[in-house]
Amino acid sequence: METKVIALITAALAPAIALLSYFYLRNEYESNTLIQVIRAFVIGALLVFPIMVLQYAMEAESLLTLNWVRAFGSAAGMEEFFKWFLLYFAVYRFVPLQTRYDGILYGAALSLGFASAENIMYLMALGIDSAIGRAFLPVSSHALFGVVMGYYMGSAKKQESGRHKLWMLLSIVVPIVLHGLYDYILLTIHENVLYIIVPFMFFLWWFALSRTKKADGKTA
């Protein structure tokens, strides 16, 4: 039993650790940055529990009967808002973001912490056989939503007041729209869903990595 649990937790954490390592190792950082990145990861993981309670309460009260409400409200709206809230108050206001890429790194770390905790719970319920599918879809999508959020928040760091507000608005609106579309596809398309979700994931990877490429070596 212990071996099975260890294997399950390892399978749940492996994709997040791999993705976070990729984003961290793209640039050279001092050791104290790694500590801050791990802190953001843990904060994201802890965020899963209150969100799951709120989502369960909304389901129990029959507030999520429409698919678009579930997709853009309960899933995308709630999850991305709370990730944005913590990224702003736990990172943006206290950690020096020198470049757009710093925002990307912390956004990805917090989102991957959330995805890891969520993934552990799902694998415990569904079994380790679902690990590969969840690595390619929920875990990677959460990472990419975090990349996009962090890019726009990092861009806002040193902007003048008018531009700053625009970048901050984009840092919450764009991830919600992308996350909402992702969930709406999964909720509404039951036959041949791979023909829709796979191209969407390719678009999501392209969009997030294009922000990453643009952010490399450029000040916010």
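**Notebook: helices, cores and loops**

Ser 74 counts as buried, at 6% relative accessibility. I started there, and I note that this is a predicted model. Ser 74 sits in helix H3. I looked up what Ser 74 touches beyond residues up to four places away in sequence, and found Gln 55, Leu 64, Val 69 and Glu 79.

**Entry: Leu 64**

I followed one of those contacts, Leu 64. Leu 64 is in the loop between H2 and H3. Is Leu 64 buried or exposed? Leu 64 counts as buried, because its relative accessibility is 6% and buried means under 20%. I left aside neighbours within four places in sequence and listed the contacts of Leu 64: Gln 55, Met 58, Glu 59, Val 69, Arg 70 and Ser 74.

Ala 12 is 52 residues away along the chain, and its C-alpha atom is 28 Å from that of Leu 64. Glu 191 is 127 residues from Leu 64 in sequence and 22 Å from it in space, C-alpha to C-alpha.

**Entry: the loop between H6 and H7**

I went on to Glu 191. Glu 191 lies in the loop between H6 and H7. With 67% relative accessibility, Glu 191 counts as exposed.

Asn 192 has its place in the loop between H6 and H7 too. Asn 192 is exposed, at a relative accessible area of 54%. I checked its backbone as well. Phi of Asn 192 is near 55°, a positive value in a residue other than glycine. Most residues other than glycine have a negative phi.

**Entry: H1 against H2**

I turned to helix pairs. Two packed helices are described by the angle between their axes and the distance between the axes. Helix H1 covers residues 2–25 and helix H2 covers residues 31–60. Their axes come within 12 Å and cross at roughly 145°. H1 passes H2 in a right-handed crossing. From H1, the contact uses Ala 16, Leu 20 and Tyr 24. From H2, it uses Thr 33, Leu 34, Val 37 and Phe 41. I sorted the residues of this contact into 6 nonpolar, 1 polar and no charged.

I picked out Val 37, which lies in helix H2. Val 37 is buried, with a relative accessible area of 2%. Not counting residues up to four places away in sequence, Val 37 touches Leu 20, Tyr 24, Leu 105, Tyr 106 and Ala 109. I also took its C-alpha separation from Tyr 195, 158 residues away along the chain, and got 35 Å.

**Entry: H3 against H5**

Helix H3 runs over residues 67–92 and helix H5 over residues 131–156. How do their axes cross? They come within 11 Å and cross at roughly 45°. H3 and H5 are therefore oblique to each other. The crossing in which H3 passes H5 is right-handed. H3 brings Glu 79, Glu 80, Lys 83, Trp 84, Leu 87, Tyr 88 and Tyr 92 to the contact. H5 brings His 142, Phe 145, Met 149, Gly 150, Met 153 and Ala 156. I noted 8 nonpolar, 2 polar and 3 charged residues in the contact of H3 with H5.

**Entry: H5 against H7**

H5 and H7 pack with their axes 9 Å apart, at an angle of about 35°. The H5 and H7 crossing is left-handed. I listed some of the residues that meet. Among those in H5 are Phe 136, Leu 137, Leu 144 and Tyr 152. Among those in H7 are Ile 197, Met 201, Trp 205 and Arg 211. The contact of H5 with H7 divides into 15 nonpolar, 3 polar and 2 charged residues.

**Entry: the nonpolar cores**

Last, I looked at the cores. The largest nonpolar core has 50 residues. Which of its residues touch the most other members? They are Tyr 106 and Leu 112. H1, H2, H3, helix H4 (100–126), H5, helix H6 (161–188) and helix H7 (194–215) each supply at least two residues of this core. H5 gives the largest share, 11 residues.

I looked up Tyr 106, leaving aside its neighbours within four places in sequence. Tyr 106 is in contact with Thr 33, Gln 36, Val 37, Ala 40, Leu 87, Val 91, Val 95 and Leu 97.

I also found a second, separate core of 7 residues, including Leu 47, Val 48, Met 78 and Phe 114.

Terms used: Residues numbered from 1 in each chain as written. Predicted model: local features only at pLDDT ≥ 70, side-chain atom pairs only at ≥ 80, totals over all residues. Heavy atoms only, no water. Axes fitted to C-alpha atoms, helices over the stretch in contact; angles between N-to-C directions. Helix = DSSP H or I, 4+ residues; strand = E, 2+ residues; numbered from the N terminus. Parallel < 35°, antiparallel > 145°, perpendicular 65-115°, else oblique. Left-handed = near helix turned anticlockwise from the far one by under 90°. Contact = heavy atoms within 4.5 Å. Nonpolar A, V, L, I, M, F, W, Y, C, P; charged D, E, K, R; others polar. Core = buried A, V, L, I, M, F, W, Y, C linked by side-chain atoms within 4.5 Å. Buried < 20%, exposed > 50% of the residue type's maximum accessible area, 1.4 Å probe, protein only.
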